[in-house]
Amino acid sequence: MSEESTKIKESEGTWQDGIAKTITFIVTKDCQLACKYCYLVGKNEQERMSWDIAKRAIDYIFDHESDFPEKSVIFDFIGGEPFLEIDLIDRICDYIKVELYKRQHHWFDSYRFSFSTNGINYHTDKVQAFIKKNASHLSIGITIDGTERKHNLNRIWKGEGPERGSYIDVVRNIPLWLEQFPGAGTKVTISSADIPYIKESVLHLYSLGIHEVNINVVFEDVWQDGDDALFEDQLMRLADAIIDGGYYESFACSFFNENIGKPLDPERENRNWCGAGKMLAIDSAGNFYPCTRFAAYSLRSKRPIIIGNVYDGIDKNKLRPFLTLDRLTQSPQKCIDCEVASGCAWCQGENYDAALSPTVYQRSTAICLMHKARVHANNYYWNRLFRKLELEGKREDFEKNKIDVKPEIC
Amino acid sequence: MKKLVGKVTEEERNEIQALFERRNGLRELAQVLTADNDELYNRLVNDMGENTTLFQGWWNRMSKKYNWEGTEDGHWEIDFKSCEIYLLTP
Amino acid sequence: MLRYLIVLLDDTSTSFCHYTASNKEPNLISLDILRKAIRWAMTENLTIQFVYPSHELLDEWNETIETIDHVKIKPATAASTSDADVVVFEGLEAIDMPLSKRDVSIVIRTRMSDFLDKHDRLHKLLAQANRLNVVFTDVDSFADDDQKAYDEALASLSLVVKNEYVNNHPVQFNLLTDRIMLTEMNNCGAGDSTITLAPDGQFYVCPAFYYDADGYPVGNIEGRLDIPNKQLYRLQYAPICRRCDAYQCHRCIWLNRKTTLEVNTPSHEQCVVAHIERNASRRLLEAIRQEGEFMSGTEIEEIDYLDPFEIARP
């Protein structure tokens, strides 16, 4: 009998959700793609992180262990496209591992390296060697938006000339990715033009073998009159397809969640939705941000919120507004009184960018109608599904085995 | 074949999960550390040995405590989320 | 609710608070703007506080000012302070200047280090004045290492204040007695109960927002007052302050903005300074009561933190 066998089942939700510190390296502001919905308004090919900046950031963070008491850490690498800087990332990760061990840092026993990639370079030798070397500490998400038509609507190659979609360059790497990360989910972003393709896209992703589809509508104020009705209609069609096709047994879509669409208690449910300030992001200049969304390249109309740098450290005063933010203080009365408030998300960076004054305390409500449409479809989904399961005598089994997808908003 | 044969407490799960995390960390560190870094390398070798002992000790302790069903050619798995123990046989 | 209008009569009007009125040349407010300000204050039922420069104003300006009930805030270096309601001294050395009127409120702007070194100079003034405000010009650089020294300085001044109370001279000293007298937050009120009009005809949340390079106007006297996210200047929208009981704290909106980038969030330093004062007030209250009955029903609880951020995190 072999006893040394431990299987880790952790595909559902985010690793150490809520108790891990997320430290994000913005390794490059370059990307092969020029997605139409991308909130990164200042992407460029020049701002690449140097090894010196990365090392200084790591040294600062590890030198101040008591300022980072979280039990676990997720080192997150983003861009642009992070895998454009695979050599730097490899060096950073090796350094992190050695330093954690050398310093007997408490994070050595609980860390992850996380990536959100467009998937284009996933198969390359360097990326594959990196994956092999760090296999048990990796979380990699490839963004694929659905069907070829839907994906190519937004996710197009950068450059002059006619638009060229990137679907074919991404989808070829999906089998390899799923083989290496069987429980991996993908993240789909919906803007106004994507609404008619939601149903077909989710089903397409299921057909590719992706069991968890995390979808969210963009927080920016891009919505047109009537989008909410179209959105609701698409989600109802998707609900029918999932139920009629039996996909609910082993596939999940974050649009449908039992906990959304309920009033929130002002006392007990007053926590901030967003984790800005509890995270730390570092850019190529060595500046620290409460989240990448506060870096200059993410902002349309506001100055970046820089909370320190690798030379002087973190200015804790600049973190205080983030760490004391609560739901009620930043929400307009209509949100406080909203009877379907639960699950209505916000992005602190977008709130700041859209605010009338330079503050993170003004909640943007651009997605209000879209959330309400989602709640309608969500209610329909669960009412229909539960009735079906009850009639089939399968409700209990479903409850026991259901896939619980936590909403991912960033 | 996979069969549910038992369940451990959350505390017991936490213990093996921590050992599991450390084992993975040590194994991946071993690919980076070279023998020319004497002090660290020796520490790593010692820690890997200690981790293996503790890891095996947990399975021994738990299998004795709960008296899980086993077979000669099978092995046990733990689901960290549910704390359930499964017997896997070819 | 808006209750006060601060009018800076000149670009070189004295600072009476934490900010420094710097880098400006003399530039008197125009008579037209001054008249409009007075008219607006009357229509809005606001009390005007005129902030004076050192140099004399022309008769026409003085006559216009007298058309409305008001408060005069003047620098101690002004040609005449006899009609001032508030006189502002720059530094502890300056307080040896003779005061023409005993019932005037005195503001002393000083660096913390000077205060720690020279707070003895306040003894005489505490015996004479009815109201004394000490305002620090460098609160944002207060270090945790300064806590003990500040605590000791306040303890030393408490002895003087206690004797004044025992001798029936209940001097008001912002650092030590305001907390005893207050039953709720009484902060600067910038953007909420108070608004500032600058010589450029624009409204600012407070004078600091006019002088500071990062400041911004919130409307103008020709148009209207328009404070974006006005609610954030109110106590209920300040997560740290709304549960704090350092009632005497300035809760300086400008320092908040400067140090934390949010008008509703104080810095660690501002909180610690206010809590050292709060705790010193508590000890002063106990000391005065040892001499006889005083403010029965008023209690200041003992607390184990200096920065309410520790209890404000959701």
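The structure is a predicted model, in which local features need pLDDT of at least 70 and side-chain atom pairs count only at pLDDT 80 or more, while totals for chains, interfaces and linings use all residues. Residues are numbered from 1 along each chain as its sequence is written, chains are lettered from A and ligands numbered from 1 in the order in which they are written, and side-chain values use heavy atoms, with hydrogens and water left out.

Chain A is divided into domain 1 (18-181 + 275-324) and domain 2 (183-272 + 329-410); the bounds come from an automatic or database domain assignment. The C-alpha centres of domain 1 and domain 2 of chain A lie 25 Å apart. To the contact (heavy atoms within 4.5 Å), domain 1 of chain A contributes 35 residues and domain 2 of chain A contributes 33 residues. About 2,700 Å² is buried between domain 1 and domain 2 of chain A, and carbon and sulfur atoms give 56% of this area. Buried area is the accessible area (1.4 Å probe) that two parts lose on being put together, summed over both.

Between domain 1 and domain 2 of chain A the count is 7 salt bridges, a salt bridge being a side-chain nitrogen of Lys or Arg within 4 Å of a carboxyl oxygen of Asp or Glu. The count of residue pairs in polar contact between domain 1 and domain 2 of chain A is 19, with both residues at pLDDT 80 or more. A polar contact is a pair of N or O atoms within 3.5 Å; within protein, one must be able to donate a hydrogen and the other to accept it, and residues adjacent in sequence count only if both atoms are side-chain atoms. On the side of domain 1 of chain A that touches domain 2 of chain A, at least two residues each come from β4 (138-142), α4 (148-154), α5 (167-171), α6 (174-180) and α9 (320-323) of chain A. Helices (H or I, at least four residues) and strands (E, at least two) are DSSP runs, numbered from the N terminus. The largest share of this side of domain 1 of chain A, 4 residues, is supplied by α4(A). By class, this side of domain 1 of chain A has 18 nonpolar, 9 polar and 8 charged residues. Ala, Val, Leu, Ile, Met, Phe, Trp, Tyr, Cys and Pro count as nonpolar, Asp, Glu, Lys and Arg as charged, and the others, Gly among them, as polar.

Chain A also meets chain B, with 27 residues of chain A in contact with 37 residues of chain B. The area buried between chain A and chain B is about 3,000 Å², and carbon and sulfur atoms give 51% of it. Across this interface of chain A and chain B, the rule finds 9 residue pairs in polar contact (both at pLDDT 80 or more) and 2 salt bridges. R22(B) forms a salt bridge with D109(A), with the closest N and O atoms 2.8 Å apart. On the side of chain A that touches chain B, α2 (86-102) and β3 (111-117) of chain A each supply at least two residues. Of these, α2(A) gives the most, with 5 residues. The side of chain A that touches chain B has 8 nonpolar, 8 polar and 11 charged residues.

Over all chains, a search of the whole structure finds 63 salt bridges. In one of them, the closest N and O atoms of E70(A) and K21(A) are 3.9 Å apart. This pair links distant parts of the chain, 49 residues apart, with E70(A) in the loop between α1 (51-63) and β2 (72-78) of chain A and K21(A) in strand β1 (residues 20-26) of chain A. E70(A) counts as partly exposed because its relative accessibility is 22%, whereas K21(A), at 8%, counts as buried; buried means under 20% relative accessible area, exposed over 50%, and partly exposed in between (1.4 Å probe, protein chains only).

R293(A) forms a salt bridge with D353(A), the closest N and O atoms being 3.6 Å apart. R293(A) is buried, with a relative accessible area of 3%, and D353(A) counts as buried at 2% relative accessibility.
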